[in-house]
Structure formats: C-alpha cells, structure tokens
Amino acid sequence: MSEEVRYDGAAEVEVISAEPASSAASPAGQAAEAASAGCHATGEMAAAARRAGQSELLEQFAKDYPQGPHDKPQSMCPAFGSLRVGLRMKRVATVLSGSACCVYGLTFVSHFYGARRSVGYVPFNSETLVTGKLFEDIRAAVHDLADPARYDAIVVTNLCVPTASGVPLRLLPDEIDGVRIVGIDVPGFGIPTHAEAKDVLAGAMLAYAAREVAAGPVAAPDGGRGDRPTVALLGEMFPADPMVIGHMLAPMGLAAGPVVPAREWRELYAALDAGAVAAIHPFYTSAVRVFEDAGRPVVGSAPVGVDGTAEWLAGIAEAFGLPAEACAAAQNAILPAIRGALAGAPIRGRITLSGYEGSELLVARLLVESGADLAYVGTACPRTRWNAADQAWLEERGIKVRFRASLEDDCAAVEALRPDLAIGTTPVVQKAKEMAIPSLYFTNLISARPLMGPAGAGALAEIVNAAIANGARMERMRDFFEGVGTGDTAGIWEGAPNLRPDFRALHQKKLDKQARAAKAEQRI
C-alpha cells in the first residue's frame, strides 16, 4: 500500500491510500520508469514522449528553444519560469501535474520568491498515469476550480512525466463558466531554461487573447485607452524601467504599453493593441510569433547605455514610420543625461558575466559603456534575431559572447581570465569565491536593478564597484580557511581523509555501464 496525494479542487491536498499498478510496456509506463532516474533522464523522457504522440510538440520546442551543447537544464527546473508568470497574475489560478518531488520543489521556490497564493496539484500514480485516469482527474479539478467570481483563467501545466506520457491538455475545454483554461507542457527535456518557460505561458496566453480579440469586443484596460500609440514591452524587468522607457518615448508622441508577461488578463488585449513591440528580452519566440501574426512590428535590443538607447529609439521610430526629426528629439532629450550618469559612475576592473535570465547582453553593454574591461559574456539563452545587434556591438569591441553557455564554459572563463569580479549563477559565484575572486549573483543582485536610462548606469556602478573593492577581503578569507580541504574532504581531520579511490573507480564503472546500456536501447 502506498500513499497518493489527491487534488480536492481548492488548491489544497489530502492524503489517501491507493494501490499502485504499472504497465511498463505502455508509453506512460516507460515515462514513469524513465522518471525514476530523475531530471538526468532527459533522453529517455524525450523518447517516451515521441512514442506517446508528442513529436509535433517536441519539434516546435526544438524550433522555438534550440538546445545547446547539453541536453538537460543546468539551472533550476524550467517550469519555475512559467509557474512564476502565472502566480504573478491577478485572478489566475495555477495547477501543476507532475511528480510529487517536482511539485514540492517548484512550490517551495515559488514561495521563496514571494508567491502569496496556493498552487493546485493534480498528482498521479502508475495506475492513473497508464489508464488515462490522470487526464480525467485534471479535467475534474479544473471544473471544480473554475469560479468566475474568483478567476479569469486557470493555467494547467504538465511537467516532465505527464508530458512524456502524452497527457492531452489540449483536450481540456477552452473555458468553463467564463473562466479560461490554458493548458501548457513545460518539460525539462524540451525547454532548456526557466527564462524560456516564461515564453511558453506568455505565448499561450497571448494566443488565447488574440482569438478573443478576433471573435469580438474585449475588455479595455483599467485606465482606458490612451490617446497616444503604445509600444508593448516584452520581458520581465525592474518596475521602474517601463516608466523610464515611457519618458524616452514621449518626445516622439508615443507611450509605453503593457509589459508581457502581463499582471492581469486584460493587459494582454492592450499589448495586442500596441503599435509595435519591444523585445527587451530576446527569447520570447512564441509571444513574438503571436504579435507578428497580429501584424505588429518587433524591435530588438533595449535602451541601455548611450549607443543602445540611440539605436533602440531609431528602431522604434522606424517601426512607427516617424520622421527623423522626431527620433532626434527623443535622442537629444535623454542621451545627455545617460552620458552624464555613465561619466559620474565609472567602473574600473576586469569582469566576467554569465547568467540564465536572458538580459546578460544588455547588462554587458552597460558595463562596457561604464568603462569596465568585460572579458567574457555567457548566457544560457539562445542567439535570436532580437539580440543580434547586442552580440555584434559586443564582438566589435573584442568581447567573447557565448550563447547556450554551459556551467563548464562559465567556470572555465573565470579560471582562465581571473577577473576582478565574476558575475554569474550560484555555482559560478561559488567557484569564484573559492579562488578569492569577488563575485555577484546575477539574478538577485544584477537583473533585479534598473537598467534603462540614466538610472541604470548609476545603479549598476554602485554595486559593481563595491564588490570589486572586496578583493583584499576575499584574499584574507581564503588565507584564513587555507588547509581545511575542499569538496568531500572539507573540514578539519584528525588524520588524512580515507578517500578509497577503489570505491570511486568501481562506482564509475557502474555509471559507464549504465550509460552504454542506455545508448544501446536508443539504437534499438
């Protein structure tokens, strides 16, 4: 007898007893078996998904989010990105279907980052997965949850195992009592980063909203429609940045429109009503497709630094067909202030930069214009037409840019270049600190700051210069802890650690044997 957690229709769970059953011969059973190997079994899970009829879905993922040198995410679970988008929206309920360990981790990290609402969970065991009862449970859950007095929409997300098993969320009703039902698949074996998972949900919601617009009148924004054409902003950013962008656009007679991912459903209509779209973050492939289908031009890069702002304003003016005089007026109104901010807050020092948020190239441009010796830029996100201008600008200045950068790439750059400051993900920061190199976590300390306009230059310089100044302190810390060991030999030992290399070699042989067996099965 095992325990199963069943969704009760109110974003809570209860524990009941259930007898498990299994059928490893079915695609669902094979997916469940592959899942036992955890997030590392991406190849086996993808193969099970294709056998379950998910080839079209995986092919679209491959086009929208091309894989890098590694076939599994190296950051947090990608589904966190789409979960975060849903949890930040008003009157939107979120329901997950996946392995209990995955759901636990996702809900934990979402509440760690400030979510203040429940996450629905439709669990499964081998019996409900194999027999198709899981889909029936999901359908019953959304019917129970669909209350138009509380929700505008319900987002249902398949994690790895339900996706690999072919659980067909597309068969859910489009709406129940006026509550929209949006079903998405966000498997770790198809979505490389949590940043791109944001696009999965943002694109699905935009597509739904576009169908509503085509069908007839829709709700206006809370404040009504303005009298100026707007620019929709694509990508999560610091709250002050949209206001700064609006100030930049005003001399051209334009206004900043809604930010996508949106905070409430009706903002999606306003975004589709915009005259153009600014792809501030360049990886929203699915969302861009919806905007372009609606006839909206999309402008890449962002107004960061002097060069970036001048080029971006020119691109916006071109998208709206504005005269050169209007563009020049907007540039003349903001560029002197940005130049002054950069001159007043210079950055001196060699820096390596890496991350998985998608804004790495924008931060890189700002660092370079601030005077930093930027030696390496790595991003876990892909090269797209919307970051091509940023890539070209950086490479013209001799800066190495690596897309789909792996953790190994980022750590190798820190080791080889030994910068005065390493900006990166948690393991990169850890690696740098072990080398007595000051470091900053990109997500919480860099991307959570304003980047646009004069405010971006000043905010970035303050934290970067303070970190670089900690070099002597890092060296003292390294010297203080010298001799305590590293890795599995860390600590103070009475004698030499018992390493047992024979055990390690035996275990490695087992791993190699398992890898060969897995490859053989794939050939069959």
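This is a predicted model: local features need pLDDT of at least 70, side-chain atom pairs count only at pLDDT 80 or more; totals for chains, interfaces and linings use all residues.
Local features need pLDDT of at least 70 and side-chain atom pairs count only at pLDDT 80 or more, while totals for chains, interfaces and linings use all residues. Residues are numbered from 1 along each chain as its sequence is written, and side-chain values use heavy atoms, with hydrogens and water left out.

In soluble globular proteins, nonpolar side chains tend to be buried together. A nonpolar core is here a set of buried Ala, Val, Leu, Ile, Met, Phe, Trp, Tyr and Cys residues joined through side-chain atoms within 4.5 Å. Buried stands for under 20% relative accessible area, exposed for over 50%, and partly exposed for values in between, with a 1.4 Å probe and protein chains only. The largest nonpolar core has 82 residues, of which Ile154, Trp265 and Phe291 touch the most other members. Helix H9 (residues 194-215) supplies the largest share of this core, nine residues. Helices (H or I, at least four residues) and strands (E, at least two) are DSSP runs, numbered from the N terminus. Apart from this core lies another, of 61 residues, including Ile280, Ile316, Ala330 and Leu367.

Contact means heavy atoms within 4.5 Å. Neighbours within four places in sequence left aside, Trp265 is in contact with Met89, Asp152, Ala153, Arg180, Val182, Met205, Tyr208, Ala209 and Glu212.

Next come the helix pairs. Axes are lines fitted to C-alpha atoms, for helices over the stretch in contact, and angles run from 0 to 180 degrees between N-to-C directions. Angles under 35 degrees count as roughly parallel, over 145 as roughly antiparallel, 65 to 115 as roughly perpendicular, and the rest as oblique. Helix H4 (residues 79-87) packs against H9 at an angle of about 50 degrees, with the axes 6 Å apart, and the two helices are therefore oblique to each other. The contact joins Phe80, Gly81, Ser82, Arg84, Val85 and Gly86 of H4 to His194, Ala197, Lys198 and Leu201 of H9. By class, this contact of H4 with H9 has four nonpolar, four polar and two charged residues; Ala, Val, Leu, Ile, Met, Phe, Trp, Tyr, Cys and Pro count as nonpolar, Asp, Glu, Lys and Arg as charged, and the others, Gly among them, as polar.

H13 and helix H14 (residues 324-344) pack at an angle of about 165 degrees, their axes 9 Å apart, which makes H13 roughly antiparallel to H14. The contact of H13 with H14 has eleven nonpolar, three polar and one charged residues.

The axes of helix H15 (residues 360-369) and helix H20 (residues 453-468) come within 10 Å and cross at roughly 80 degrees, so H15 is roughly perpendicular to H20. Val363, Leu366 and Leu367 of H15 make the contact with Gly456, Ala457, Leu460 and Val464 of H20. Its classes are six nonpolar, one polar and no charged residues.

Some loop residues have backbone features to note. The peptide bond from Val260 to Pro261 is cis, with omega near 10 degrees, and Pro261 sits in the loop between strand S9 (255-260) and helix H11 (266-272). Ser301, a residue other than glycine, has a positive phi near 65 degrees. Ser301 lies in the loop between strand S11 (298-299) and helix H13 (305-320) and is buried, with a relative accessible area of 8%. Arg418 also has a positive phi, near 40 degrees. Arg418 belongs to the loop between helix H17 (407-417) and strand S15 (421-424), and counts as partly exposed at 47% relative accessibility.
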